[in-house]
Amino acid sequence: MVRRLTAIAAGVGVMLVGSLAHAQSRSTFGDPGEFIFSADRLFPVLGYSNESTTQAGQLPTGISKISTSESSSSLGFFWGGSPGYVVPLGGNNATLPNLFTVPRLGFDYTIIPNLTVGGDVVLFFTLGGTQSTETDNNAGGKQTVSTNEPKSTIFGLAPRVGYVLHLTDLFHVWLRGGLSVYLAGVKQTVENNNVQVTTSFDAHQWAIDLDPQFVITPVPHFGFTAGLTADIPFGGGYSVNVNQPNSTTSVSAGQSLVFVGMTAGLVGWF
């Protein structure tokens, strides 16, 4: 639900920009001095991802490293994308969305004809909740156990440069590429024998982003984008922290996430 609302909000924002700019004189996409707003990766049409994680903490005797790799592929139209990946959370597992398929807002500026500079801003968060399980006994008693749902956050910045190639007045190719950094976290508090234990998972990921887009501009100042996307990690890791009333433990290790796929979005400029 949160992902769907994020995509809808981003799409509406770009359409509003296009509608306001429509009243202005017609300009060609990529003209100098243009402000370009985009809703990127709204629709992950198909994708492949691979997550590699090194096990943190004390390892068994004689073992120097344990690595886990998980890959997945997906195909969807107007909805889909690579599934989220599982993160360790104090004996339980939580799931974060794939960092590279979260819808994001793009801001670019054409400094000279066809040359753009800008980037994407990524923001995703959940507000948490409560899970309750009630057990009824045949003797008439019942027991209720409540657990707080994990709260997840993702923040990312992806600066980039681009160049617009004009095929026709309607069709363009927007070559884009740059770097990205993501910060992601999951936090959960549970009560065990009247003792509250808070476990948090924090991760960071650096990547090289190749994001060429095919742009269709059916009306002035508004268009659609679709293209291949490749996010190649070159650094990253995670830490798990457990806070109890009288003790705090922390372990950390390396992690990387790769994504290759085809995505689509919206673009508006003025």
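In the predicted model, Asp 120 and Arg 160 meet through their side chains in a salt bridge, with an N to O distance of 3.0 Å. This pair links distant parts of the chain. Asp 120 lies in strand β6 (residues 115-125) and Arg 160 in strand β9, 40 residues apart. Both Asp 120 and Arg 160 are buried.

Arg 160 also forms a salt bridge with Asp 40. Here the closest N and O atoms are 3.4 Å apart. Again the pair links distant parts of the chain: Asp 40 sits in strand β1 (residues 35-54), Arg 160 in strand β9 (residues 151-166), and 120 residues separate them. Asp 40 has a relative accessibility of 2% and therefore counts as buried, the cut-off being under 20%. Arg 160, at 8% relative accessibility, counts as buried because its value also falls under 20%.

These contacts belong to a network. Asp 40, Asp 108, Asp 120, Arg 160, Arg 176 and Asp 211 are linked in it by salt bridges.

Strand β1 also carries Arg 41. The side chain of Arg 41 meets that of Asp 231 in a salt bridge, at 3.0 Å from N to O. Asp 231 is placed in strand β13 (residues 222-244), 190 residues from Arg 41, and the pair links distant parts of the chain. Asp 231 and Arg 41 are both buried. Overall, the count of salt bridges comes to 6.

Technical notes. Residues are numbered from 1 along each chain as its sequence is written. This is a predicted model: local features need pLDDT of at least 70, side-chain atom pairs count only at pLDDT 80 or more; totals for chains, interfaces and linings use all residues. Side-chain values use heavy atoms; hydrogens and water are left out. A salt bridge is a side-chain nitrogen of Lys or Arg within 4 Å of a carboxyl oxygen of Asp or Glu. Helices (H or I, at least four residues) and strands (E, at least two) are DSSP runs, numbered from the N terminus. Buried means under 20% relative accessible area, exposed over 50%, partly exposed in between (1.4 Å probe, protein chains only).
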